[in-house]
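Please examine the structure shown below before reading on.

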Amino acid sequence: MEGLSDTYYINRILAGDTSCFACLLDKYSQPLFALIFRIVQNREDAEELTEDVFIKAFRQLESFRGEGNFANWLYRIAYNMAISAVRKKKMEYLSIEDSQLTNVSEEEVQEALGSYGTAQQLEWLDRALAQLPPDDRALILLFYIEEKSLDDLTGITGLSLSNLKVKLHRIRKKLYVLLTEEEKNQDVVHKK
Amino acid sequence: MEKETNRVQEDRLKALFKQMPAVSLSEGFRSQMMQRIEKEAVRKRKQQAWLEWSMLILSSTIMIVAAVLGLKELEIPVIRWPQIDTSLLFIYTYIGSIALFLLWLDYRFRRWYDKKHGTKEK
């Protein structure tokens, strides 16, 4: 059954062949779990949420009706559920002043973010991502890891294209600020 | 030129994110998920059947109520049942009970025969 379109499987599931859901699971469970895990940052919660996402998708499959992209529809469910799960925990995130962000030029961000790559810097990136609010984190992960286009992202997040571009731009700057802070902290530790 | 530089930087950032360690689901996830899906499908079917029966009962009730009210409104004269001659009631009851007894006997015999010869499909 491999290689058939999502619409084919969906029609089969709606006709009563629930075993076809396994094909959709095989295709989407891993990337969805990876995304949710990076948003909620807890393995157990991420697995539970991934299950809930698929159950919700199964329940609402009739409402999909083959309009648009199934993957984006699924990602939208995951995005909303993961963000609300993190918000429920009421964790505090680092707030970065607007003035801090406006002082950073786009060239600086491009230069700095593009130059990271070692294991240490990946760890900083991980820590910096953890300090971002869940919706920002989800957005940047969808854009860079899942390689979703801006059009796809508007469908997933419900944001307008212009709003999305501004948000991505600000998140990149935030990441830059957080990464440079991590770097400074590391230098202080080394000097001690 | 600037666009090209931006694209290269963008690719580097993408590459950096791609280097992040992969995370995988636990081994039992797929089977556990499919079990939940099967349960959900059963629940969905039951819910659908319940909904269909409810709709059927509701629509039937509405139709009966509408029919009763309609008949009342139309002021149809009361049906006068013909007088039944009760003198033959005893013989009818006698014949009816014999017929019922024979039917029961036939049913028991068929069950006994099926059990003995195993002709009934399982």
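## Salt bridges

Over all chains of this predicted model, the count comes to 15 salt bridges. One of them joins B:Arg36 and A:Glu51, at 2.7 Å from N to O. This pair joins two chains, because B:Arg36 lies in helix α2 (residues 29-74) of chain B and A:Glu51 in helix α3 of chain A. B:Arg36 is partly exposed, with a relative accessible area of 31%, whereas A:Glu51 is buried at 8%.

B:Arg36 also forms a salt bridge with A:Asp52, where the closest N and O atoms are 3.5 Å apart. This pair likewise crosses between chains, from helix α3 of chain A to helix α2 of chain B. A:Asp52 is partly exposed, with 26% relative accessibility.

## A pair within one helix

In chain B, the side chains of B:Glu40 and B:Arg43 meet in a salt bridge of 2.7 Å, N to O. The two residues are three apart in helix α2 of chain B, so about one helical turn separates them. B:Glu40 is buried, at 7% relative accessible area, while B:Arg43 is partly exposed, at 38%.

## The interface of chains A and B

Contact between the chains involves 42 residues of chain A and 30 residues of chain B. The buried area is about 3,500 Å², and carbon and sulfur atoms give 60% of it.

Five salt bridges are found across this interface, including one between A:Asp26 and B:Arg30 at 2.6 Å, N to O. On the side of chain A that touches chain B, α2(A) gives the most, with 10 residues. The residues of that side divide into 20 nonpolar, nine polar and 13 charged.

Notes
Residues numbered from 1 in each chain as written. Chains lettered and ligands numbered in written order. Predicted model: local features only at pLDDT ≥ 70, side-chain atom pairs only at ≥ 80, totals over all residues. Heavy atoms only, no water. Contact = heavy atoms within 4.5 Å. Buried area = accessible area lost by both parts, 1.4 Å probe. Salt bridge = Lys/Arg side-chain N within 4 Å of Asp/Glu carboxyl O. Helix = DSSP H or I, 4+ residues; strand = E, 2+ residues; numbered from the N terminus. Nonpolar A, V, L, I, M, F, W, Y, C, P; charged D, E, K, R; others polar. Buried < 20%, exposed > 50% of the residue type's maximum accessible area, 1.4 Å probe, protein only.
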